[in-house]
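Hi,

Here is the structure I promised to pass on to you. Have a look at it first, and then read my notes below.

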Amino acid sequence: MSSLRVFEAAGRTGSFAAAAREVDLSPSAVSHAIRKLEESAGMGLFVRTTRSLVLTREGRMLLEHVQRGFEEMQRGFQRALPDIHVMPLRLHTAPAFATQWLMPRLGTFMEGNPGIALRFSADTRYATFDDNDHDIDIVYGTPATSRHEIIPLVVEELTPMCSPQIAERIAGVHDLYATPLVQSEGQSVQWGGWFTANGLATPGDFALAFDRSAMAISAAVDGLGVVLESTLLAQRELASGKLVAPLMGRSTTVRYVGHHLVHPRALDPHGAAARFKRWLLAELAVPHEP
């Protein structure tokens, strides 16, 4: 079987080197396996030259039947496998949380929860759950009181962040007046609130303004200025060193709960939504009921 697998790869690709990469062997091992197969079959399968590898008539006939046999075996294994119960998960989130925090971690959840079919959407509207279109919503801001379960997530910190190069010019809060400021208009607390919290007058102009946190963070990474953003949303950029927080510990940091988890109260404890909820709260280190 192993020799036939090597032969199929070599015949399909027309190259011992390509077959070697596919089956994780050396080219010489592939050549040796083909030679043994030819000796066992009593026929030549390839015409070898210094520049090409061509199947013989017998080789072409054998390749056709070997490929058909592999396909039949694959179908047999698939039919023999037990049915897997697929659980749908209809997830809705705020856009910035989706792109900045959730997407980099989503693979971990999917790997640990096989059998979940995820449908993922993100926008600034809140899910109503009335049309059964969503199972869970992660919203930005404080949702209105409703019959649904509402769980405050992690406390976020808003602090000025910028590239390491710009940070070299910021020794204190007053240096911000001489530095381009990036306004993140999607934030509930913006530069005006931060300057007020630090007892300072708000500058009259901003270099750039974006209505999405992801764009504002990206602008700061690219060295376009200093952005006032959540350390939760910029966690990946801070961890990689693409962004730094030069005034953390040297200024008043605005702290608030920026995101909430919302879902209908009746969750199947073994369902996909409950699994996602437990995973999310554990990732954020939010205390919750088992």
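To start: how many bridges join strand E8 to strand E10, and do they run parallel or antiparallel? Two bridges join E8 (residues 181-184) to E10 (residues 226-230), and the strands run parallel. Here helices (H or I, at least four residues) and strands (E, at least two) are DSSP runs, numbered from the N terminus. Within this pair, Val-182 stands opposite Val-227 in E10.

Before going further, please note that this is a predicted model, where local features need pLDDT of at least 70 and side-chain atom pairs count only at pLDDT 80 or more, while totals for chains, interfaces and linings use all residues. Residues are numbered from 1 along each chain as its sequence is written, and side-chain values use heavy atoms, with hydrogens and water left out.

**The sheet with E8 and E10**

An open sheet of five strands runs in the order E9-E8-E10-E7-E11, with mixed pairing (two strands pair if DSSP finds at least two bridges between them). Its edge strands, E9 (208-210) and E11 (254-257), each pair on one side only. From one strand to the next, the twist averages 25 degrees. Helix H8 (residues 213-221) packs on this sheet and touches E7 (155-161), E8, E9 and E10; contact means heavy atoms within 4.5 Å. The direction of H8 makes about 135 degrees with that of E10 (axes are lines fitted to C-alpha atoms, for helices over the stretch in contact, and angles run from 0 to 180 degrees between N-to-C directions).

**The other sheet**

Five strands in the order E4-E3-E5-E12-E6 form an open sheet, again with mixed pairing. E4 (116-122) and E6 (149-152) are the edge strands. Four bridges join E6 to E12 (residues 259-263), and these two run antiparallel; Ile-151 stands opposite Leu-261 in E12. H5 packs on the sheet, touching E3 (87-93), E4, E5 (136-140) and E12, and its direction makes about 170 degrees with that of E4. H10 packs on the sheet too, where it touches E3, E4, E5, E6 and E12.

**H5 against H10**

These helices also meet each other: H5 (residues 95-112) and H10 (residues 272-283) pack at about 110 degrees, with axes 12 Å apart. They are therefore roughly perpendicular (65 to 115 degrees; under 35 counts as roughly parallel, over 145 as roughly antiparallel and the rest as oblique). Among the residues making the contact are Trp-101 and Phe-109 of H5 and Phe-276 and Trp-279 of H10.

Enjoy exploring!
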